[in-house]
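This note concerns a ligand site and a helix beside it. Please read the points with the coordinates open.

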Amino acid sequence: MAEEIKPQIAKDPASKLLALVSHKLKTPLSIINGYSETILSTIQPGEMSSFNIQALRNISKQGQKMALLVDRLVHFSSINELKETDIKKEEINLYSVLTEVAAKCIFRDDAVNVNSSEETMRRKGPNVEIKCSEETTISADKKLFIMALEELLDNSIKFNNNMNKRLKLFYYEEEGQDVVAIADNGVGIKEEESHKIFETFYQVDDFFTGQIEGWGLGLALVKRIMALHKGHIAMRSQYGVGTIISLKFPKPQKDK
Ligand SMILES: Nc1ncnc2c1ncn2[C@@H]1O[C@H](COP(=O)(O)OP(=O)(O)O)[C@@H](O)[C@H]1O
Ligand SMILES: [Mg+2]
């Protein structure tokens, strides 16, 4: 079933609070992480019990994890704060952007770590097919468009336990819109989850996806980016088969 998600731009108190809290967390966290790492790297033999060393290692590990989350929140908030007038639309050569983003994402495929090492050995890297003419251009803010694509490719690779992960990136025109779609042969999304996954912090909690690291901010970020472009996101998925997510950009107005 095709779902059309109409993103809206709204400045709510919750997003303001999120921006404030994430900025305020940065300083105390960097102090906690800085001190725990310094102590761990300068500690002399016999100076501290093994229990205390282990405790310090845990503090450091969790602190680093938290710092990543705070960075992600700060990034998310900064995109959330943007207005439609802040974005810089330009004519982008789609083929070269898709090629660049696909190459980057393939090398970041760490989703394989959720399975046993034996299975990891047998897996192949994702196979990405790009279907669009080398002349195709779309009108978008390049930085934000790349950000959205990276989130989608990351999901297509992460939420995919197929031995041969296959991704297809393609372009088509539809009702005066430029559509860029990403299809995968991943775990798929159940119909009852199809709207929820675009909400901030939402992650599907089932056997496979529950093991994958993340904070449920990626699709909310993509939704925001599409709202800034006055565009839409459409999602089609079959549980256990795969997912297609389409980014629909309005075509630029031609000068008369
Ligand atoms: N291509 C996909 N295939 C299957 N499930 C997906 C896909 N993309 C997103 N999802 C589901 O939607 C949820 C939200 O995605 P996202 O906002 O990017 O958060 P995160 O990647 O941090 O989990 C994911 O946790 C996952 O359950
Ligand atoms: Mg994601």
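The numbered points below treat the conventions, the ligand shell and the helix in turn.

1. This is a predicted model, in which local features need pLDDT of at least 70 and side-chain atom pairs count only at pLDDT 80 or more, while totals for chains, interfaces and linings use all residues. Residues are numbered from 1 along each chain as its sequence is written, chains are lettered from A and ligands numbered from 1 in the order written, and side-chain values use heavy atoms, leaving out hydrogens and water.

2. Ligand 1 is surrounded by 20 residues (a heavy atom within 4 Å); Asn155, Lys158, Gln203, Gly216 and Leu219 are the closest. The shell comprises nine nonpolar, nine polar and two charged residues (nonpolar: Ala, Val, Leu, Ile, Met, Phe, Trp, Tyr, Cys and Pro; charged: Asp, Glu, Lys and Arg; polar: the others, Gly among them).

3. The side chain of Lys158 places an N or O atom 2.8 Å from an oxygen of ligand 1. A polar side-chain atom of Asp184 is 2.9 Å from a ligand 1 nitrogen, and a backbone N or O atom of Trp215 is 3.0 Å from a ligand 1 oxygen. Of the 540 Å² that ligand 1 exposes when taken alone, the protein buries 97% (Shrake-Rupley method, 1.4 Å probe).

4. Helix α6 (218–228) is largely enclosed by the rest of the structure, because ten of its eleven residues are buried (under 20% relative accessible area, 1.4 Å probe, protein chains only; helices are DSSP runs of H or I, at least four residues). Just after α6, Lys230 takes a positive phi of about 55°.

Notes:
Polar contact = N/O pair within 3.5 Å; in protein donor to acceptor, adjacent residues only side chain to side chain. Helix = DSSP H or I, 4+ residues; strand = E, 2+ residues; numbered from the N terminus. Buried < 20%, exposed > 50% of the residue type's maximum accessible area, 1.4 Å probe, protein only.
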